[in-house]
Amino acid sequence: MSTELTQRRATASPDEEAQVLDTIERWVEKDVRPIARKYDQADEYPHELVEQMKELGLFGATIGQEWGGLGLSATTYARLVARISQAWMAPTGIFNSHLIMAACVERNGTEEQKQRYLPRFATGELRGGIGLTEPNAGTDLQAIRTVARRDGDDYVIDGTKTWITNGVYGTCFAVLTKTKPDAQPRHAGMSMFIAEKGPGFTVGRKIRKLGYRAIDSAELVFENFRAPAANLVGGAEGRGFHHAVGGLELGRINVAARGVGLATGALNDALRYSQQRQAFGKPICQHQAIQLKLAEMATKAEAARLLVEQAARKYDTGERCDLEAGMAKLFASETAVENSLEAMRIFGGYSYSVDFDVERYYRDSPLMCIGEGTNEMQRIIIARQLVERNPV
Ligand SMILES: Cc1cc2nc3c(=O)[nH]c(=O)nc-3n(C[C@H](O)[C@H](O)[C@H](O)COP(=O)(O)OP(=O)(O)OC[C@H]3O[C@@H](n4cnc5c(N)ncnc54)[C@H](O)[C@@H]3O)c2cc1C
């Protein structure tokens with residue numbers, strides 16, 4: 001799957017990629033970090049960041065340059081996501097979920113669909129995400145109940161999606177449906193549509209969350225929603241499940257990169273605080289119990305970073321990287337959770353105060369263990385791939 005995408009896209013040069021990372025570095029420190037605490041605590045949507053993201057080209061970060069995107073490699077994109085997440089993970093969801101939708105069209109869409117959508121996705125004129133999960137079906141995607149029924153030149157869609165990132169402020173989504181609900185195997189009856197909000201496509205409710213705040217997660221309701229047949233991704237029924245899981249390698253690298261960012265942010269804050277906070281006449285970083293924590297945190301953050309780099313590099317060269325992406329996702333997300341908890345311990349009582357960022361890392365990091373395949377499933381997938389690659 002990665003081979004298809006990397007071979008067809010016009011990509012950025014190494015110089016262009018270095019320039020993008022440099023710009024992001026400055027943007028994070030000037031515009032993202034200073035507002036993170038306020039918007040997270042108010043659970044308020046950061047509209048001004050969205051406008052800045054448009055100017056930075058982030059809505060087209062991984063879209064090919066022939067469609068107006070930046071055409072970044074997975075390696076550079078992962079570094080960019082990690083860098084932003086180090087300060088505040090949540091805003092990466094605004095362009096990340098959108099880019100999963102864009103990749104679905106770029107990889108699987110008809111030529112007409114690419115021309116109609118990709119340039120508008122790349123500028124952020126049309127923004128959205130990916131609608132797979134339903135109230136009764138998450139991990140078991142083939143159990144979804146949203147139905148798309150052909151009616152003349154349209155399909156009529158009925159059903160409910162939940163937990164959809166960008167659900168409130170996004171206007172366009174790649175939506176997984178069943179066009180043949182009784183098909184066997186189940187995936188043969190699944191189809192993906194590009195659905196733009198309009199009559200019959202409404203937001204059920206915004207979901208309140210432990211972390212990943214300020215970013216909208218919502219229930220999306222389809223009642224007699226008419227999608228033109230021209231919006232059936234790829235123009236043929238029965239390929240939706242393939243389209244949904246086809247983006248998983250890149251998706252897992254992205255989630256892993258967010259984990260690296262969170263793990264590094266927690267480490268950096270703890271490292272700074274431990275040199276400032278005194279106990280028993282010396283900075284706490286000179287107490288061995290704290291040194292042991294810092295050493296573990298730094299080693300795991302670096303190992304996570306290297307796993308992500310390895311998976312992304314393989315993806316960029318078009319090599320199979322499902323095992324590597326799975327390992328990176330598993331390790332980086334667990335490291336994010338561990339490092340944010342260890343940072344809490346190093347901050348002592350102050351970790352419980354909303355005046356410090358470590359409480360946010362602690363609330364944001366568990367999501368990385370859930371998204372793009374839970375870590376329980378990730379372990380099972382890794383084990384299966386190990387056996388497949390090492391038959392006796
Ligand atoms: C903040 C947030 C944002 C999200 N954004 C999106 C989005 O933009 N688009 C979207 O489509 N979805 C989104 N999701 C949904 C997410 O993808 C699902 O929550 C995830 O796939 C897990 O599904 P579930 O919650 O239904 O858990 P379930 O599938 O019910 O799983 C519950 C538990 O059972 C375990 N389990 C299930 N099956 C097996 C098995 N066969 N073997 C072993 N263990 C198993 C799981 O690992 C888990 O521990 C988001 C979720 C959150 C929390």
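Me: Which residues come nearest to the ligand, of the 20 around it?
Reply: Leu132, Gly138, Thr139, Thr374 and Glu376 come nearest. A residue counts as near if its C-beta atom, placed from the backbone, lies within 6 Å of the molecule. This is a predicted model: local features need pLDDT of at least 70, side-chain atom pairs count only at pLDDT 80 or more, and totals for chains, interfaces and linings use all residues. Residues are numbered from 1 along each chain as its sequence is written.

Me: How do you know that the ligand lies between domain 2 and domain 3?
Reply: Both domain 2 (129–240) and domain 3 (247–389) give residues to the shell around the ligand, so the ligand lies between them. The domain bounds come from an automatic or database domain assignment.

Me: What makes up the shell by class?
Reply: It has 8 nonpolar, 10 polar and 2 charged residues. Ala, Val, Leu, Ile, Met, Phe, Trp, Tyr, Cys and Pro count as nonpolar, Asp, Glu, Lys and Arg as charged, and the others, Gly among them, as polar.

Me: How many residues of domain 2 and domain 3 are in contact?
Reply: 4 residues of domain 2 are in contact with 6 residues of domain 3. Contact means C-beta atoms, placed from the backbone, within 7 Å. The side of domain 2 that touches domain 3 has 2 nonpolar, 2 polar and no charged residues.

Me: How do you know that the span of helix H8 agrees with its length?
Reply: The expected span is 1.5 Å times one less than the number of residues. For the 29 residues of H8 (residues 248–276) that gives 42 Å, and the end C-alpha atoms are 42 Å apart, so the two agree. Helices here are DSSP runs (H or I, at least four residues), and strands are runs of E (at least two), numbered from the N terminus.

Me: What makes H8 mostly covered?
Reply: 23 of its 29 residues are buried.

Me: Where is the cis peptide bond?
Reply: It joins Gln184 and Pro185, with omega about -5°. Pro185 is in the loop between strand E4 (172–178) and strand E5 (190–196).

Terms used. Two residues are in contact if their C-beta atoms, placed from the backbone, lie within 7 Å. A residue is buried if 20 or more other C-beta atoms lie within 10 Å of its own, exposed if 12 or fewer, and partly exposed in between; C-beta atoms are placed from the backbone.
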